[in-house]
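I opened the model today to look up a few side-chain contacts. My notes follow in the order I made them.

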Amino acid sequence: LVLLIALVGLVAAILAGLSSKRGRRLYDGWLLRVPYLGPTVIRIICARFARTLATLLSSGVQLLPALTAVRRVVTNGLLADAVDESRESIREGHGMGQTLARSGLFPPLLIEMIKVGERSGDLELMLERVADNYEREVESSLRQMTTMIEPLMTLVMAGMILFMMLAVLMPIFQLNQLMQ
């Protein structure tokens with residue numbers, strides 16, 4: 001009963017923390033620093049960002065309104081703030097690649113492709129190429145993750161079965177010891 005109450009309290013505390021802006025930023029920062037998961041999350045978000053921005057720009061939407069729309073696609077709060085800062089910086093006359101690089105959160109490939117696209121005037125094509133690249137990397141990364149998780153899940157299941165067997169057999173063995 002105490003364990004159940006503690007578990008419910010922990011879940012409630014985590015949900016309350018994630019509902020606040022500061023708690024959500026802490027979680028987003030922690031998620032980006034997790035060794036194997038963080039780079040994969042960044043790739044997923046960058047692929048979405050690049051694909052959506054390329055689609056909007058090729059449809060004739062201007063850059064600033066497109067960035068406003070793309071901000072909703074970026075699910076990580078820290079990266080979304082960097083997109084907002086980029087939008088404000090573009091409004092002041094700076095390049096998007098330069099301002100995204102200043103955040104230090106976006107990968108160098110995305111930043112360089114944006115800079116090349118801005119210089120060449122073909123930003124949509126560069127964004128589509130980088131989105132394709134990140135989508136391939138995410139697919140490969142997820143395949144590797146599932147390959148690594150499968151043996152771990154087998155070990156966890158074996159441990160659970162062993163625990164259940166011991167929970168059933170230990171009282172029988174103790175009863176047998178008392179009978180002798």
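**Aromatic pairs**

I started in helix α2 (residues 21–33), where Tyr27 and Trp30 both lie, 3 residues apart, about one turn of the helix. The model is a predicted one. I noted Tyr27 as partly exposed because its relative accessibility is 30%. Trp30 also counts as partly exposed, at 47%.

I then looked up Phe49 and Phe106, which form a tilted aromatic pair with 5.8 Å centre to centre and 45 degrees between the planes. This pair links distant parts of the chain: Phe49 sits in helix α3 (residues 37–58) and Phe106 in the loop between α6 (96–103) and α7 (108–120), 57 residues apart. Phe49 and Phe106 are both buried.

How many aromatic pairs does the rule give? I get a count of 2.

**Helix α4**

Next I checked which residues are buried in helix α4 (residues 63–71), and found Ala66, Leu67 and Val70. Seen down the axis of α4, the buried residues fall within an arc of 100 degrees, so I wrote them down as lining one face of the helix. They pack against α3, α5 (77–91) and α6.

**Salt bridges**

I searched the whole structure and found 12 salt bridges. One of them joins Glu135 to Arg51, with the closest N and O atoms 2.9 Å apart. That pair links distant parts of the chain, Glu135 being in helix α8 and Arg51 in helix α3, 84 residues apart. Glu135 is partly exposed at 36% relative accessibility, and Arg51 is partly exposed at 26%.

Arg71 and Asp81 meet in a salt bridge at 3.7 Å, N to O. Arg71 is in helix α4 and Asp81 in helix α5, so the pair ties together parts 10 residues apart in sequence. I have Arg71 as partly exposed at 26% and Asp81 as partly exposed at 24%.

Asp84 forms a salt bridge with Arg87, the closest N and O atoms being 3.2 Å apart. Asp84 and Arg87 are 3 residues apart in helix α5, about one helical turn. Are these two buried or exposed? Both Asp84 and Arg87 are buried.

I also traced a network of salt bridges that links Arg25, Arg71, Asp81, Asp84, Arg87, Glu88 and Arg91.

**Surface patch**

Last, I recorded a nonpolar surface patch formed by Ile161, Leu162, Met165, Leu166, Val168, Leu169, Met170, Ile172 and Phe173, with about 830 Å² of accessible area together. Leu166 is found in helix α8 (residues 123–179) and counts as partly exposed at 42% relative accessibility.

Notes:
Residues numbered from 1 in each chain as written. Predicted model: local features only at pLDDT ≥ 70, side-chain atom pairs only at ≥ 80, totals over all residues. Heavy atoms only, no water. Patch = residues over 30% accessible without salt bridge, like charges linked within 9 Å, V, L, I, M, F, W, Y side chains within 5 Å. Areas by Shrake-Rupley, 256 points an atom, 1.4 Å probe, with all protein chains shown as cover. Salt bridge = Lys/Arg side-chain N within 4 Å of Asp/Glu carboxyl O. Helix = DSSP H or I, 4+ residues; strand = E, 2+ residues; numbered from the N terminus. Buried < 20%, exposed > 50% of the residue type's maximum accessible area, 1.4 Å probe, protein only. Phe/Tyr/Trp six-rings, centres within 6.5 Å; stacked < 30°, edge-to-face > 60°. Arc of directions from axis to C-beta. Contact = heavy atoms within 4.5 Å.
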